[in-house]
Amino acid sequence: MTVTDPLQADCGRCAALCCTVPAFSRGADFALDKPAGTACPNLREDDRCGIHPVLRERGFPGCTVYDCFGAGQHVTQHVWPGLDRHDGAVLHQVGTVFPVVRALQELRWLVRAARALALPADLAAELAAADDALARRVDAGFEELRETPVGAVRAEVNGLLTRAGEHARRGVGSPSQLRGADLAGADLRGSDLRGAVLRWASLLGADLRGADLRLADLTGADTRGARLHGADLRGALFLTPAQLVAATGDAATRLDDDAVRPEHWTAA
Ligand code: SF4
């Protein structure tokens, strides 16, 4: 099946860049060390993962939550057409732009999410312009991509996303300000986090069962192992599919109608 959304990964048109370009460190997310620019030993010759159905059981949960936002097929098809992942020199070059394209694609995804909100005309126009500018950057050639000031671009876009989030949450009284907070392992069962600013917060293994996270801004929050059973995430802002996959939940977790409930979540 060909994926038509340019912001959605299409592994069939990629050269397994996520399994070759980055380095892995042995730990909770990956069961082995792997240097950058080398193929994971689980990668098959047909560019498919040999343990895909049992990644979690075999100690590779990090692979299940990785999302390239379509960067893989873009680099493979447009930036370096015909790239051979067995060529170490080529892979080294590609490794200098793949993270750039991924970062830009993620920003495009977030801008798209912001544009879906009901916003004042001037902010909507600024987001539309940012969307166009990001698309132009992604479509640039290898050298331009390599020179992209990712940090500056991210800061500029994040300013717009913050304003969009503030506007979306304007009806919430005094939402919790937890930007960048370390809430790893925290007991937040049943908490009122409606409209909370949880941008880049660590929710690693946090117990959020039954929490009210409606309109919470979850940009970049680390949700690995967070327990979302029975939590209400309707309207949560900038919540990516990968963040949901990284967490656990169940049939009682309330999501927006268009959100995809991860397969590994329990039925009850
Ligand atoms: S375990 Fe599978 S998905 Fe993960 S990096 Fe290796 S080949 Fe890729």
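Predicted model: local features only at pLDDT ≥ 70, side-chain atom pairs only at ≥ 80, totals over all residues.
The expected span of a helix is 1.5 Å times one less than its number of residues. Helix 3 covers residues 88-115, 28 residues in total. From first C-alpha to last it reaches 40 Å, close to the 40 Å expected.

**Helix 2**

Helix 2 spans residues 71-79. Seven of its nine residues are buried, so helix 2 is largely enclosed by the rest of the structure. The buried residues are A71, G72, Q73, H74, V75, T76 and V79. They pack against helix 3, helix 4 and helix 5 (142-146).

**Helix 4 and helix 6**

Helix 4 (residues 121-138) and helix 6 (residues 150-168) cross at roughly 145°. Their axes come within 11 Å. The crossing is left-handed. On the helix 4 side, the contact is made by L123, E126, L127 and A130. Helix 6 contributes V157, L160, R163, A164 and H167. By class, the contact has six nonpolar residues, one polar and two charged.

**L161**

Helix 6 also holds L161. What does L161 contact, leaving aside its neighbours within four places in sequence? The partners are L110, A114, T219 and F238. L161 has 22 other C-beta atoms within 10 Å. The cut-off for a buried residue is 20 or more, so L161 counts as buried. A226 is 65 residues from L161 along the chain, and the two C-alpha atoms are separated by 24 Å.

**Positive phi in a loop**

The loop between helix 6 and helix 7 (241-246) includes W200. L215 lies in the loop between helix 6 and helix 7 as well. W200 has a positive phi, and it is a residue other than glycine. L215 likewise has a positive phi although it is not a glycine.

| Residue | Phi | Other C-beta atoms within 10 Å | Class |
|---|---|---|---|
| W200 | near 55° | 15 atoms | partly exposed |
| L215 | about 65° | 21 atoms | buried |

Why is W200 partly exposed? A residue is buried at 20 or more other C-beta atoms within 10 Å and exposed at 12 or fewer. W200 has 15, so it falls in between. L215 has 21 and is therefore buried.

Notes: Residues numbered from 1 in each chain as written. Helix = DSSP H or I, 4+ residues; strand = E, 2+ residues; numbered from the N terminus. Axes fitted to C-alpha atoms, helices over the stretch in contact; angles between N-to-C directions. Left-handed = near helix turned anticlockwise from the far one by under 90°. Contact = placed C-beta atoms within 7 Å. Nonpolar A, V, L, I, M, F, W, Y, C, P; charged D, E, K, R; others polar.
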